[in-house]
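Student: Please pick one part of this model and take a close look at it. Keep it brisk, and give the cut-offs as you go.

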Amino acid sequence: MSGVGLDALHAAATTLLNLAFAWLVGAAFLGRWIGTAACSEQHDLHRDLTRSMAFTAAISIVAQIVLLWLEAAVMADVPLSDAMPAIADVLGGAHFGAVWTFGFAASAVILALSAFQPNRSAKKIQVAALAIALAAFAYSRSLTSHAGSRGDLNFAVVLDWIHLLFISLWVGVVLVATLLVLPRLNAAVDVESPAPSFALALSRTATAALVGVLATGVLKAWQSVGSPDNLFGNPYGNVLTIKLSLVAVAIGFGGFNRFLVLPTIDPRATHMSALSSRNGLVHFLFILRLETLVLICVTIAAAVLSATAPPMDRQ
């Protein structure tokens with residue numbers, strides 16, 4: 001396989017892994033809301049959410065194996081079909097191999113915890129263990145990023161780790177809400193419907209995550225680019241500009257939903273009829289789907305960035 005083919009496969013596997021991780025973070029976070037929601041859909045939603053987490057954890061493991069195989073091919077400078085013998089060398093002697101093993105172990109724990117259905121007394125332990133495993137996996141991803149080239153424990157790695165957690169929360173809650181939760185909630189919006197309160201909780205969570213994404217993203221961009229002039233005329237700056245533009249579009253969709261659509265879907269408001277609330281929810285979900293598509297494109301751009309050398313690294 002040519003270098004271009006390897007780069008495309010690396011970007012695809014990285015995108016799949018990042019989306020899978022975002023789903024796990026979003027599902028784990030929204031699962032707590034679903035667990036406390038008093039609605040007829042609670043049991044089915046919780047069951048489907050748990051199954052989706054186990055399935056997504058398995059997908060992330062497959063994506064990691066593909067990335068290991070690609071790394072072995074690159075390090076051994078051999079075709080992908082001949083890279084299998086080099087995997088042992090990568091795992092046994094390379095820094096990437098040690099970090100990969102750490103992340104793979106965290107993914108295995110996430111898969112086991114997602115498939116495990118504890119009793120009520122052990123639920124808090126499971127939630128805490130899942131949070132630790134997710135944080136550990138995110139740190140392994142930061143160690144294999146550009147920030148990891150400066151050492152395993154430094155400001156750049158910690159910043160990248162926090163940024164990854166925030167953006168995974170933002171992308172994750174939007175993905176899970178769009179593809180699983182909102183379509184499954186009661187279509188008839190009335191006073192007892194959980195849809196309006198869920199939409200409000202979703203909007204607040206996404207907004208809080210976005211604040212973290214922007215704060216850490218500005219610092220990361222400054223570390224990688226160094227100067228606004230470096231945003232142009234080089235591959236990293238070009239892709240970063242595309243990514244930032246897509247983020248701005250996603251923010252626009254989220255802001256439109258929060259400030260213009262969300263107020264129309266609360267059926268308890270005296271000036272809102274049940275019909276207008278129902279229509280408002282339909283519009284909210286439509287805009288959320290558009291935001292989801294844009295965030296998937298953001299994830300693709302981030303995957304391309306991870307394989308592109310920043311201007312500051314070349315100086």
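Tutor: D44 and R47 sit 3 residues apart in helix α2, about one turn of the helix. Helices here are DSSP runs of H or I with at least four residues, strands are runs of E with at least two, and the numbering starts at the N terminus. An α-helix has 3.6 residues a turn, so residues three or four places apart point the same way. This is a predicted model: local features need pLDDT of at least 70, side-chain atom pairs count only at pLDDT 80 or more, and totals for chains, interfaces and linings use all residues. Residues are numbered from 1 along each chain as its sequence is written, and side-chain values use heavy atoms, without hydrogens and water.

D44 and R47 form a salt bridge, with the closest N and O atoms 3.4 Å apart. The term needs a side-chain nitrogen of Lys or Arg within 4 Å of a carboxyl oxygen of Asp or Glu. D44 is partly exposed because its relative accessibility is 29%. R47, at 31%, is partly exposed too. The cut-offs are under 20% relative accessible area for buried, over 50% for exposed and partly exposed in between, with a 1.4 Å probe and protein chains only.

Now the next pair. D48 and R184 meet through their side chains in a salt bridge of 2.1 Å, N to O. This pair links distant parts of the chain: D48 is in helix α2, R184 in helix α6 (residues 155-184), and 136 residues separate them. D48 is buried because its relative accessible area is 15%. R184 has 33%, so it counts as partly exposed.

Helix α6 also supplies D160. The side chains of D160 and K220 form a salt bridge, 2.8 Å from N to O. K220 lies in helix α7 (residues 195-225), so this pair ties together parts 60 residues apart in sequence. Both D160 and K220 are buried. The structure holds 4 salt bridges.

What follows α2? Helix α2 covers 42-76, and D77 lies in the loop between it and α3 (84-93). D77 has a positive phi of about 55° although it is not a glycine. D77 counts as exposed because its relative accessibility is 69%.

Step back to the whole protein. It has 9 helices and 0 strands. Of its 315 residues, 48% are buried. The largest nonpolar core has 73 residues. Such a core is a set of buried Ala, Val, Leu, Ile, Met, Phe, Trp, Tyr and Cys residues joined through side-chain atoms within 4.5 Å. Those with the most contacts inside it are I110, W170, L182, F198 and F284. I110 is also among the buried residues of α4. F284, leaving aside neighbours within four places in sequence, is in contact (heavy atoms within 4.5 Å) with L182, A199, L202, N257, V261 and L262. N257 and V261 are among the buried residues of α8. L260, in that helix (residues 235-261), is exposed because its relative accessible area is 53%.

Among contacts with a separation of 6 or more, 74% are between residues 24 or more positions apart.
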